[in-house]
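Subject: Structure for you to look at

Hello,

Here is the structure for you to open. My notes on what was found in it follow below.

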Amino acid sequence: MLKTSQSPPGPSQPQTVPSGGGWLPHGHHLGPHTHDHGQLVYAATGTLATTTERGTWVAPANRVTWTPPGFAHSHRFYGRTDARLLAIPVGLCGELVDRPSVFAVGPLLREAVLALTDERPEARPGARRRLLAVVIDELCDRPEQSLHLPESGDDRLRTVTGLLHADPARPATLAALGRVAGASERTLSRLFHTELGMSFHQWRTTLRIHHALGHLTNGMSVTDTAMACGWSNPSSFIDAFNSVVGQTPGSYQADLRTSRALP
């Protein structure tokens, strides 16, 4: 169960918004909901997926998700997760981007988020407010690193993406998927670019990486993860994972073990 504490007031008026942390089991799901405030969610260990109508953002332990006020969203956690929820008062939300996103987490940002979501008492008046300002500054200085899987409103494209969501390892070509969706390969290829901003290959690779992160977080080997997610061999999986996540699957799992050992 997540513990909650009170976040610091915004710059213009006092606000009481929930923040906190706690351990969640593998597969734990928080259904669709909205907040009047902004929210950062950080998996200090484990992996987090945040879904809105615009798609799904995945954040391993070296990233944090950001959801502005008013966006309906849900969360799913992979692996036993040390989940940290940090509310951002409305008065500070304008400092950050106005859409859901994911940011890299460096040592200073990590420690600030952990401190703000622990149950430790405030050492001096205003300490939490000052620490929250550090979090905002860190996020403003960091590039977005979104493992974003967009979704379309086009029925034909949604049929194709739905089939792949159900079976990410499905080896079907776009032409074969198009026969099920009632659209030509050329039409679907165009829709992937115009509706989702990426090619079919890029979208399916990102989907498979999302699932791979969940498997790796839950302790599956690199080889077994590659096979489960549709790669023909571990080497091609390692190359794809490294290009998207920025580190190899083995390095990612080693970082997970290190973070779990931290107090």
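The sulfur of Cys93 lies 11 Å from the closest cysteine sulfur, which belongs to Cys140, and this is too far for a bond. A disulfide is a pair of cysteine sulfur atoms within 2.5 Å, and a search of the whole structure finds zero disulfides. Cys93 counts as buried because its relative accessibility is 9%; buried means under 20% relative accessible area, exposed means over 50%, and partly exposed is in between, with a 1.4 Å probe and protein chains only. Cys229 is also buried, with a relative accessible area of 1%.

Before the rest, two remarks on the source. This is a predicted model, in which local features need pLDDT of at least 70 and side-chain atom pairs count only at pLDDT 80 or more, while totals for chains, interfaces and linings use all residues. Residues are numbered from 1 along each chain as its sequence is written, and side-chain values use heavy atoms, with hydrogens and water left out.

Next, the helices. Helices (H or I, at least four residues) and strands (E, at least two) are DSSP runs, numbered from the N terminus. Two packed helices are described by the angle between their axes and the distance between the axes. For helix α2 (residues 107-117) and helix α3 (residues 127-140), the angle is about 145° and the axes are 9 Å apart. The axes are lines fitted to C-alpha atoms, for helices over the stretch in contact, and the angles run from 0 to 180 degrees between N-to-C directions. The crossing of α2 and α3 is left-handed, a term used if the near helix is turned anticlockwise from the far one by less than a right angle; clockwise would be right-handed.

Which residues of the two helices meet? From α2 they are Leu108, Leu109, Ala112, Val113, Ala115 and Leu116, and from α3 they are Arg128, Leu131, Leu132, Val134, Val135, Glu138 and Leu139. Contact here means heavy atoms within 4.5 Å. The residues of this contact divide into eleven nonpolar, no polar and two charged. Ala, Val, Leu, Ile, Met, Phe, Trp, Tyr, Cys and Pro count as nonpolar, Asp, Glu, Lys and Arg as charged, and the others, Gly among them, as polar.

Glu138 in helix α3 is buried, with a relative accessible area of 16%. Not counting residues up to four places away in sequence, Glu138 touches Leu108 and Leu109. Eight of the eleven residues of α2 are buried, so α2 is largely enclosed by the rest of the structure; the buried ones include Arg110 and Thr117.

Helix α7 (residues 200-217) has 18 residues, which at 1.5 Å a residue should span 26 Å, and its end C-alpha atoms are 26 Å apart, which agrees. The expected span is 1.5 Å times one less than the number of residues. Of these 18 residues, 14 are buried, so α7 is largely enclosed by the rest of the structure. Just after α7, Gly219 takes a positive phi of about 95°.

Last, two loop residues. His35, in the loop between β3 (29-33) and β4 (38-43), is buried at 17% relative accessible area. Leaving aside neighbours within four places in sequence, His35 is in contact with Pro69, Gly70 and His73. Gly153, in the loop between β11 (147-150) and α4 (155-166), is exposed at 62%. With the neighbours within four places again left aside, Gly153 is in contact with Arg158 and Glu195.

Regards
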